[in-house]
Every structure is written in C-alpha cells, then in structure tokens.
Amino acid sequence: MSKELLFGAAYYPEYMPYDRIETDLKMMKEAGMNVIRIAESTWSTLEPADGIFDFSYIDKVLNMAEEYGMEIIIGTPTYAIPSWLEKKDHDVMAVTAKGREAYGHRQLMNLWNPTFRAHAERVIRKLIAHTADHPQVIGFQIDNETKHYGNTGEQVQSMFRNYLKEKFQTIEKLNQAFYLAYWSNSIHDWEDLPDMRGCVNAGLYAEFEKFRRKLAAEYLAWQADIVREYKKPYQFITHNLDFEWKKFGADIAQDGYSYGVQPDINHYEAARCLTIAGTDIYHPTQDELTGAEIAFGGDSIRSLKDDNYLVMECQAQAFKYWTPYPGQLRLHAYSHLASGADGIMYWNWHSIHNGYETYWRGLLSHDLSVNPAYEEACIFGNEWKNIGDKLIHLKKQNQVAVVIDNHSLTALQWFPIDKDLSYNDVVRWMYDSLYEMNIECDVVDVNALDISRYKIIITPALYSASEMTLQKLEQFVENGGVLVSSFRSFVSDEHLSVYPDTQPHRLCKCFGMSYQQFTEPGKTKLQGEEVEYFAELLQLEDAESIANYEHKYWGNYTAITRHTYGKGHAFYIGCYTRKSILKEVYQLAVDAAGIRKDIDDLTWPVIVRSGKNQYGNVLHYMFHYSEEECVIHCPYSRAKDLLSGTIYQKDDEIILKDWDVKILEELS
C-alpha cells in the first residue's frame with residue numbers, strides 16, 4: 001500500500017503529436033500529481049511485428065519519471081490486439097451473437113483462443129520482466145475493464161458443456177434443474193446440448209452467463225499469476241473494474257455513465273486475484289452532478305476486499321456535458337476519497353488528436369496547455385500534499401448492506417420487471433435513496449454477505465435466491481436484524497426455476513404476508529403518488545400494513561408491510577414508489593435497528609461521508625452538490641476543517657458555498 005495518496009493520470013506519449021514527456025511530467029508535478037499509468041493499450045507499439053519488441057518509449061517514460069520523482073503503474077497491453085495477430089489466426093477474434101467479430105475495435109478477441117493466450121503471455125512476460133526492477137514502478141494493472149465480450153464460439157460452448165457435466169453429473173439432473181422438457185429442449189446425450197445462441201431457457205442461459213463471467217475472472221487470475229512471478233513484494237496488482245453503462249440515447253460509448261452492477265463479469269470473483277481493487281467511475285456533471293455514482297461505485301469496490309481501493313480512471317472534462325463547473329472537479333476528487341479510495345487517476349492526461357476517443361477530453365484540452373480544469377486540479381493536488389496523510393486509508397464500519405447479484409440481473413433481463421425498469425434501476429433506486437438520506441452502506445455481492453456485520457440488509461430485486469441464502473436472511477431477522485426487501489425478490493432458485501409455492505418463497509412467515517398476483521399499476525396510487533412499472537398484490541397474514549394501494553380494485557391489497565419476526569423486523573416493498581415513500585420505510589428500518597445518526601436533519605444536496613483515518617481520528621466529509629449557497633449547523637461537539645483550519649463548536653454555522661467541500665476532523 002502506498003504511504004501517500006496517489007494522484008495522476010493515464011498517460012500515452014505514443015499518442016502525442018510531438019515529444020513532450022518532460023513538459024507533461026513537469027506540469028503534473030506542479031499539479032501535485034505523483035503517479036502515471038502507462039502501456040495498457042499499446043501492444044502494437046510494444047510489439048510492432050510478431051516477436052519483435054520495442055520498449056524504447058517505455059524506457060523514456062521510466063527514466064524521465066525517475067528524474068521527476070513520478071511513480072509508475074504498468075498496464076498489461078492485452079485488451080487491444082495488434083492487427084498482425086488477427087492475420088496470423090482469424091480465430092483470435094470472438095464469435096458473438098453477431099457472428100465472428102471484425103478486427104478494429106478493442107475487446108473483441110476470444111480470451112481462450114490458444115494463439116491469443118500464447119502471444120498475450122509472451123508480451124506480458126517481456127513487459128513485466130523489463131519493468132519490474134525499475135524503482136519508479138509501484139504496481140501493475142492487469143488488462144483493462146475485462147469482461148467476457150459476449151463470446152459464444154464453439155470453444156466456449158465446449159468448455160460450458162464440460163462445466164455442466166461436472167456440476168450436474170447426469171443429464172437427468174440437468175433436465176430437471178432447468179425444466180428442459182419445455183418446448184422439447186430436454187437432451188439425452190451431452191453432445192446434444194444446443195448452441196447457446198439459440199437458447200430459449202432463461203435458467204440455462206443464465207448458467208451460461210455465470211460460466212462466462214467465471215471464465216473472465218479466471219482470465220484475470222491467469223494474468224495475475226504471471227505478474228506475480230516478476231513483481232517485487234512492495235508492488236501491487238490491480239485491475240480497473242467498471243460498471244454497467246447507462247446510455248442517454250445513441251448507442252455509442254461516449255453517451256452515458258457508470259450506473260450499476262456490471263453484467264459481464266462478477267466483481268467479487270474477479271477481485272480475488274488482486275492485491276488491491278481498482279475501478280473506473282464516470283458520472284454526470286454540471287447540473288446533473290449528485291455524487292451518487294461516485295458513492296455507489298466506491299461502496300461497491302471497497303466492499304470487495306473490505307479495504308481501500310484505487311480509482312484507476314475517472315473524468316476530467318471528457319464530453320460537452322461533462323465539462324465541470326468551477327469547483328466540481330475538486331468535489332469529484334474528494335468524493336472518491338470519502339468512499340475509501342487511496343487515490344485517483346484521470347482518463348486521461350491529454351486529449352487525443354485522432355481516434356475513436358478523440359472527444360473524450362483529458363485533463364488537458366487539445367491545445368495541451370493550462371486550462372481551468374488543470375488549474376483546479378492544481379488546487380486540490382497541492383492540498384493533498386499538505387493533508388494527504390490525514391486522508392489516506394480511510395476506514396469505514398457501516399451497519400447497512402445493499403445486496404447485489406449478477407444472477408438476478410441476468411434473470412431480469414430475461415423476465416423484465418417492465419420494459420423501462422431494469423434490475424440496476426431498482427438497485428440504484430434503493431441505493432440512491434439511502435445515499436440521499438446520508439445513510440452509509442456497503443454494497444455486497446450476495447455470495448460474500450456476512451450477516452453478522454450488519455444491522456440492516458437491503459435486497460433490491462433479489463429474484464434468484466438459493467435455500468442457503470434464504471435461510472441466512474431468515475436467521476438474520478430472527479437474531480435481531482432488520483431486512484428490507486423489494487418486489488421481485490425471492491422468486492426463483494439458483495437455476496431460475498420459480499419456487500412452486502407461495503411467494504416470497506420461505507420468507508412468508510418472516511415478512512408476515514404473501515402474494516399470488518402482480519400487476520401493471522395503471523391508475524394505482526400510494527399516499528397520493530402514482531405507482532409505476534410494477535405492483536405485487538400483498539395479502540396480510542401477521543404483518544402490519546404501512547401503506548395500502550389506492551385503487552378501486554387493488555385497494556384491497558397492501559403495498560408495503562412491516563413485521564416483527566423473532567428479535568428482528570422485516571419490511572417488504574411490493575411496488576416501485578416515489579423515493580419519498582421509500583425513505584419513510586428506511587427511516588422506520590433505521591429506528592427499528594437502533595442506528596443513531598448525528599445528522600438526521602442533513603439530506604441531499606448536503607452529503608456527509610464518514611470514517612476513521614490511519615491515526616484513528618474520525619473524519620466527516622461534507623459535500624454540497626448544488627450551485628446555491630447554504631448554511632448548516634455543526635452536528636459535532638468540536639471539529640476542525642482540515643481544508644481551512646477553521647474550528648467549529650456544536651451548532652456553529654457552517655457556510656457551504658456552491659459545489660463546496662469541508663472535511664471535519666472531530667476533536668476531543
């Protein structure tokens with residue numbers, strides 16, 4: 001782990017219109033930067049022809065970095081292959097639902113093709129052996145935003161068939177698990193397993209997706225094992241895990257932002273091979289900046305290894321709707337630290353003058369000169385020089401967990417809640433409502449959930465839940481925990497076969513209610529507000545109704561319930577409501593769990609994120625996501641703003657300017 005906050009950027013001198021490495025490093029140092037990431041997208045530069053290697057630009061950067069005291073993260077250059085490799089073996093390209101992919105775009109190769117693996121291993125070994133001994137190299141990033149890339153080629157399908165044989169042992173068990181008799185899909189010889197591109201069975205295809213996510217994670221572990229042969233004990237291994245991309249409109253990469261659970265790799269599986277988790281987080285800016293994407297991404301990545309992490313990529317300017325207002329870039333940076341990041345790096349340092357991402361602008365614009373974004377980076381970069389030791393290694397002990405699940409995500413792609421409401425929409429609806437209430441949480445993969453750590457567990461649309469998971473949640477409530485679950489939770493088993501009894505399966509007694517029907521809400525209201533997308537018609541057994549539907553026919557049914565079960569409480573939300581109603585349920589859950597907050601009166605756009613620093617001191621980051629100035633009152637007995645040096649007593653006025661940041665350190 002670094003002893004100082006890492007601040008820097010991805011750097012591509014090979015993309016530059018002219019040689020300016022020394023100029024760039026000098027500008028970086030003036031901004032308080034101390035690290036750059038290089039090499040991760042330059043295979044064709046490092047190996048211009050098969051077996052011919054040229055590390056001259058790497059050496060130039062390393063030598064200049066040593067002169068300027070800049071640290072280096074080396075990326076393995078395997079996510080974009082050189083054209084000569086595709087010419088050597090066309091099967092290097094992935095076969096997807098569209099057929100064999102054509103060379104050109106990145107991340108369209110077959111990660112399991114022997115030719116690709118052999119050449120990828122060779123370039124990794126050459127690069128790591130060449131750089132690991134250099135004193136400026138502090139770590140390695142393996143690959144880049146890795147996923148399974150939709151590969152459905154025969155090699156992957158053959159591997160999947162073998163996986164099914166090992167998992168189910170007999171064809172009869174396979175047919176039974178997925179109800180394959182439907183539409184005559186049952187098989188009686190393993191070789192008759194159909195091509196997954198034509199699969200009409202949600203459970204079987206979801207198993208295929210799970211398998212491909214596992215393969216992608218194993219690919220990263222393969223790279224990590226190679227790097228471990230060369231790296232020094234103090235050098236880390238990381239990867240930039242990314243999220244689902246929420247599109248605004250046109251189907252291009254530059255149109256959207258990081259939004260929710262990544263469908264094509266499981267972060268929990270992938271992070272096992274890393275010594276420190278890393279991530280890429282992009283988000284709306286200007287009037288749309290809320291901080292929620294930064295918080296969700298950070299809470300997700302921090303929870304993978306219950307430790308601090310690195311933001312390998314985040315935005316500086318990028319597109320026209322990401323050009324930050326004055327103060328926002330500084331706000332972004334501190335928001336990452338408040339979630340537990342030990343450093344941030346921009347993608348990228350400079351804007352690119354030609355290529356697919358020409359208008360994904362870096363910290364420097366196309367003129368490569370000082371600009372307002374760079375000047376603002378200089379402000380907080382130099383603040384970190386002074387107070388970084390008090391901000392690094394922030395630790396959190398959250399009492400609330402939001403449970404996420406790739407398998408349920410896949411299920412709800414096959415069986416949509418509504419054409420306009422996805423699994424990730426429900427996750428973010430439940431997460432963002434907590435965030436806006438200043439209730440901090442961990443975002444935890446269902447397979448990593450430790451119920452002993454939390455007072456409240458929240459399950460957004462946990463459609464697929466094994467008996468083991470259900471038993472764990474039931475035990476959690478019996479022992480005094482508070483469970484808050486949404487509609488479309490606990491519907492199917494791990495094979496996506498719907499449980500053949502009353503829903504929610506196994507937990508009817510825990511929730512004190514059940515349901516048999518669900519409906520399009522239509523004109524249905526709840527507390528005078530429209531219900532949207534989906535409504536389960538809940539029938540009370542022992543539970544208390546928090547809210548009934550307002551509708552001529554559906555008014556006989558309950559929408560939200562509360563039930564005391566064992567020593568704990570279980571809340572069930574049967575429909576998609578306004579956030580204001582969900583927040584009322586959360587307040588009841590917080591009260592039931594006995595969670596005390598010093599900041600009950602503070603809600604978005606004032607966001608408070610807290611933790612303990614490496615010295616054991618309690619820090620409270622106070623963010624103001626608004627262009628309007630506001631005044632709040634200090635909720636702590638005595639605290640010092642680390643940025644200004646101002647000391648506040650209980651109830652003193654704190655003025656928050658537009659897009660402002662305060663870091664209050666509690667004083668004894």
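**A loop and its surroundings**

Modeller: W183 counts as exposed because its relative accessibility is 60%. Exposed means over 50% relative accessible area, buried means under 20%, and partly exposed lies in between (1.4 Å probe, protein chains only). The model is predicted, so local features need pLDDT of at least 70 and side-chain atom pairs count only at pLDDT 80 or more, while totals for chains, interfaces and linings use all residues. Residues are numbered from 1 along each chain as its sequence is written, and side-chain values use heavy atoms, leaving out hydrogens and water.

W183 sits in the loop between α7 (171–178) and α8 (202–228). Helices (H or I, at least four residues) and strands (E, at least two) are DSSP runs, numbered from the N terminus. With Y182 and V200, W183 forms a nonpolar surface patch. Together the three have about 380 Å² of accessible area, by the Shrake-Rupley method with a 1.4 Å probe; for residues, only the protein chains shown count as cover. Patch residues have over 30% relative accessible area and no salt bridge; like charges are joined within 9 Å, nonpolar side chains (Val, Leu, Ile, Met, Phe, Trp, Tyr) within 5 Å.

R161 and E191 meet in a salt bridge, 3.8 Å from N to O. The pair ties distant parts of the chain: R161 is in helix α6 (residues 154–168), E191 is in the loop between α7 and α8, and they are 30 residues apart. R161 counts as buried because its relative accessible area is 12%. E191 is exposed, at 52%. A salt bridge here is a side-chain nitrogen of Lys or Arg within 4 Å of a carboxyl oxygen of Asp or Glu. That rule gives 41 salt bridges.

Compare a local pair. E121 and R125 form a salt bridge at 2.9 Å, N to O. Both lie in helix α5 (residues 114–131), four residues apart, about one turn of the helix. E121 is partly exposed at 28% relative accessibility, and R125 is partly exposed at 22%. D91 and R100 also pair, with their closest N and O atoms 3.0 Å apart.

Now the covered side of the fold. Strand β17 (residues 482–486) has five of its five residues buried. V482, V484 and S486 lie on one side, L483 and S485 on the other. Two strands pair if DSSP finds at least two bridges between them. I456 has V482 as its bridge partner; V484 has F571. β16, helix α15 (residues 467–478) and β17 make a right-handed β-α-β unit. Right-handed means that, with the strands pointing away from the viewer, the path from the first strand over the helix to the second runs clockwise.

Check the backbone too. Most residues other than glycine have a negative phi, and most peptide bonds are trans. A318 has a positive phi of about 55 degrees, although it is not a glycine. A318 is buried at 1% relative accessibility. The Q503 to P504 bond is cis, with omega about 0 degrees. P504 lies in the loop between β17 and α16 (508–511). The bond from W347 to N348 is also cis, with omega near -10 degrees.
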